[in-house]
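Subject: Structure handover

Hello,

Please find the structure below, followed by notes on what was found in it.

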Amino acid sequence: MSFKKPTQLRRITILSALAALLMCSSSWAATYYVDPNGNDTSGNGSSTSPWKTLSTACSKVTSSGNTIYLNAGTYSDNNRCNLALGVNIQGAGKGSVLIKTAYNGGWGTGYIFRQTSPSAPMVHGNNEISGFTLDGSGKTLSAGIFIRGTDQINIHDVKFQSIKSNAIWLEGYYDWSNNTMVEPPAYGLNDIIHDVETNDTTTDANNGPGERMGAINIGGMANAQLYNLTINENLPNRGTGVKSVPGWLKNFKAYNWTVKTDVTDTNAFVFEMYNFLGDSEIYASTYYHTLSLNGGPQSLSSGSTWNLKIHDTVTDLTNVNLPGVVGHELSHNYLDFYNNYMAGIQGRAAGLWSTNYTTGSGVTHWRFRNNVVYNCGDGLHIVRGNNSYVEIYNNVFDTITAKPWGGSGIDGSAFSGSLSGTKIQNNLIMNTAAAPISIGGSMSSTLVDHNWFYNTGNGNTVANSSSSTTQTNNTKGVAPQFSSSGVRPDPYYRSTSGNLVDAGVNVGLPYSGQAPDIGAFEGKRLSAPVLSLN
């Protein structure tokens with residue numbers, strides 16, 4: 001077969017078509033400008049004749065692919081920006097652009113706003129919002145960014161301050177029937193929030209959707225990412241850091257958060273979130289208050305191993321003066337909680353109990369491993385519920401004070417409900433005011449095996465009220481040998497040699513040597529380092 005070369009006319013036709021296509025492409029990606037010295041009446045959005053306010057620009061720029069650019073400077077804008085699909089907002093930088101707004105539309109709206117009726121599949125929002133600081137004029141503004149019913153939203157490099165209820169309210173699917181118990185008909189996909197700061201953007205009041213507003217409120221999302229967040233809501237009568245109720249976050253990734261909330265309020269949680277699934281992860285973060293975690297389906301999504309994994313976080317409550325504060329509420333089905341450090345909690349460090357909705361009757365498939373709990377009133381508190389498949393492996397509980405109550409490393413003394421077959425293995429428990437482990441009468445067939453008890457109450461002996469508990473191979477009263485130097489938790493509790501090395505039993509986790517070490521760390525590191533308070 002032979003091919004003829006294009007004629008000159010055909011070449012001209014092809015080149016003309018390409019030129020027209022390029023011209024059209026350029027029109028799809030136009031940039032319009034806003035400047036503090038611009039004019040909303042006579043401006044046309046060009047670089048030489050910019051508009052004065054973002055709200056005006058949003059009303060005029062409605063074609064997908066276009067960008068609104070905010071020049072450096074301070075803006076006053078008390079109207080709402082109704083953001084069209086596919087339009088981007090790009091500021092000169094959060095240190096260079098300050099928008100002050102007293103827009104007061106109440107809950108359910110925001111300065112940058114769009115609400116779309118949810119659909120299956122979701123409508124793609126395709127918006128990128130970045131590069132400015134938004135000030136709510138003494139908490140007059142209800143929400144900074146309020147977008148519901150669309151997905152593929154990217155919010156980054158933005159600072160929010162002095163806002164009444166929420167810095168960001170971002171939801172994919174929302175308000176479906178029985179939404180606390182069943183998954184949404186569809187998920188919003190691929191939303192991203194990163195490199196965002198908040199300062200005084202919440203309230204503990206009920207401004208419409210319920211009490212304790214979150215600086216960032218999310219829900220109904222799959223494949224969402226939240227990272228590099230600095231949230232400071234440590235002021236009286238403020239809400240939570242991140243809130244997701246009823247939640248439903250699938251294959252969710254969150255990392256590098258630093259969150260401070262009101263240290264005078266027991267319920268000012270770092271995050272209050274429900275219903276994760278699909279191997280979601282929260283990790284590499286530092287918290288200065290407790291977590292409230294509820295729900296989660298009682299089965300796994302196809303191809304996943306856990307609904308949620310929380311790991312490599314630090315919780316520092318040494319500056320929280322709330323005697324009896326509940327500690328982390330870890331009531332979630334198929335939860336793997338590991339490589340975390342909790343210190344200074346005046347009450348339990350963490351707790352397992354039935355709560356409401358999908359964990360209303362109990363919790364199943366729950367693992368607490370390779371964590372360090374230091375200087376807390378009580379360690380891990382097992383409270384209530386019809387629970388099953390609970391595993392507690394390779395943790396360190398040190399200096400459990402019983403202030404104001406408790407005193408055990410693992411405390412099931414007052415457990416009510418049913419819990420059979422709990423496995424407690426390879427834990428180092430020392431310096432506790434009460435028994436190292438307390439087993440309640442309603443806990444059946446508990447295995448307490450290959451643990452190390454030193455300098456604990458009850459003579460280094462388990463306080464056992466159940467006739468079916470099995471206790472084997474536990475070491476009592478022998479000083480454990482570990483680094484005891486450097487920062488807590490690592491390398492302070494690490495053992496490179498000594499009596500904890502290879503002294504455990506295989507529980508199905510990776511280890512080096514002849515057998516697992518007892519305690520939170522293998523002598524030879526097998527995973528990323530746990531963060532330190534230092």
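Is Arg212 buried or exposed? Arg212 has a relative accessible area of 13%, so Arg212 is buried. Please keep in mind that this is a predicted model.

**Salt bridges**

The partner of Arg212 in a salt bridge is Glu211, with 3.1 Å between the closest N and O atoms. Glu211 has a relative accessibility of 46% and therefore counts as partly exposed. Both residues belong to a network of salt bridges that links Glu211, Arg212, Lys243 and Glu272.

The structure holds 13 salt bridges. One of them joins Lys94 to Glu197, where the closest N and O atoms are 2.9 Å apart. This pair links distant parts of the chain, since Lys94 sits in the loop between β5 (88-91) and β6 (97-100) while Glu197 belongs to strand β13, 103 residues apart. Lys94 is partly exposed, with a relative accessible area of 27%, and Glu197 also counts as partly exposed, at 27% relative accessibility.

Another salt bridge is formed by the side chains of Arg494 and Asp490, at 3.0 Å from N to O. What relative accessibility does Arg494 have? The value for Arg494 is 11%, so Arg494 counts as buried. Asp490 counts as buried too, with 10% relative accessibility.

Strand β13 (residues 192-199) also holds Thr198. The side chain of Thr198 makes a polar contact of 2.9 Å with the side chain of Glu233. With a relative accessible area of 4%, Thr198 is buried.

**Aromatic rings**

There are 19 aromatic pairs in the model. In one of them, the ring centres of Tyr32 and Trp51 lie 5.9 Å apart and the planes meet at 20°; planes under 30 degrees apart count as stacked, so this pair is stacked. Tyr32 is part of strand β1 (residues 31-34), and Trp51 is in the loop between β1 and α2 (54-60), so the contact ties together parts that are 19 residues apart in sequence.

A second example has another geometry. The ring centres of Phe271 and Tyr287 are 6.0 Å apart with the planes at 85°; planes over 60 degrees apart count as edge-to-face, so that is the class of this pair. Phe271 lies in strand β20 (residues 271-274) and Tyr287 in strand β23 (residues 286-287), so the pair ties together parts 16 residues apart in sequence. Phe271 and Tyr287 are both buried.

Which residues form an aromatic cluster? Trp107, Phe113, Phe146 and Trp169 make up one such cluster.

Arg369 lies over the face of Tyr338, with 4.0 Å to the ring centre. Arg488 is placed over the face of Tyr374, at 4.0 Å from the ring centre.

**Surface patch and a buried loop residue**

On the surface, Met181, Val182 and Tyr357 form a nonpolar patch, with about 260 Å² of accessible area together. Tyr357 is in the loop between β30 (348-353) and β31 (364-369), and at 41% relative accessibility Tyr357 counts as partly exposed.

Where is Leu141 placed? Leu141 is in the loop between β8 (123-135) and β9 (143-148). Its relative accessible area is 0%, so Leu141 is buried. The C-alpha atoms of Leu141 and Tyr111 are separated by 7.4 Å, although the two residues are 30 residues apart along the chain.

**Overall figures**

The secondary structure comes to three helices and 45 strands. The C-alpha trace spans about 90 × 75 × 45 Å along its principal axes. The protein has 534 residues, of which 56% count as buried.

Regards

How values were computed. Residues are numbered from 1 along each chain as its sequence is written. This is a predicted model: local features need pLDDT of at least 70, side-chain atom pairs count only at pLDDT 80 or more; totals for chains, interfaces and linings use all residues. Side-chain values use heavy atoms; hydrogens and water are left out. Rings of Phe, Tyr and Trp (its six-membered ring) pair if their centres lie within 6.5 Å; planes under 30 degrees apart count as stacked, over 60 as edge-to-face and the rest as tilted. Helices (H or I, at least four residues) and strands (E, at least two) are DSSP runs, numbered from the N terminus. Buried means under 20% relative accessible area, exposed over 50%, partly exposed in between (1.4 Å probe, protein chains only). A charge sits over a ring if NZ of Lys or CZ of Arg is within 6 Å of the ring centre and within 35 degrees of the ring normal. Patches are made of residues with over 30% relative accessible area and no salt bridge: like charges are joined within 9 Å, nonpolar side chains (Val, Leu, Ile, Met, Phe, Trp, Tyr) within 5 Å. Accessible areas come from the Shrake-Rupley method with a 1.4 Å probe; for residues, only the protein chains shown count as cover. A salt bridge is a side-chain nitrogen of Lys or Arg within 4 Å of a carboxyl oxygen of Asp or Glu. A polar contact is a pair of N or O atoms within 3.5 Å; within protein, one must be able to donate a hydrogen and the other to accept it, and residues adjacent in sequence count only if both atoms are side-chain atoms.
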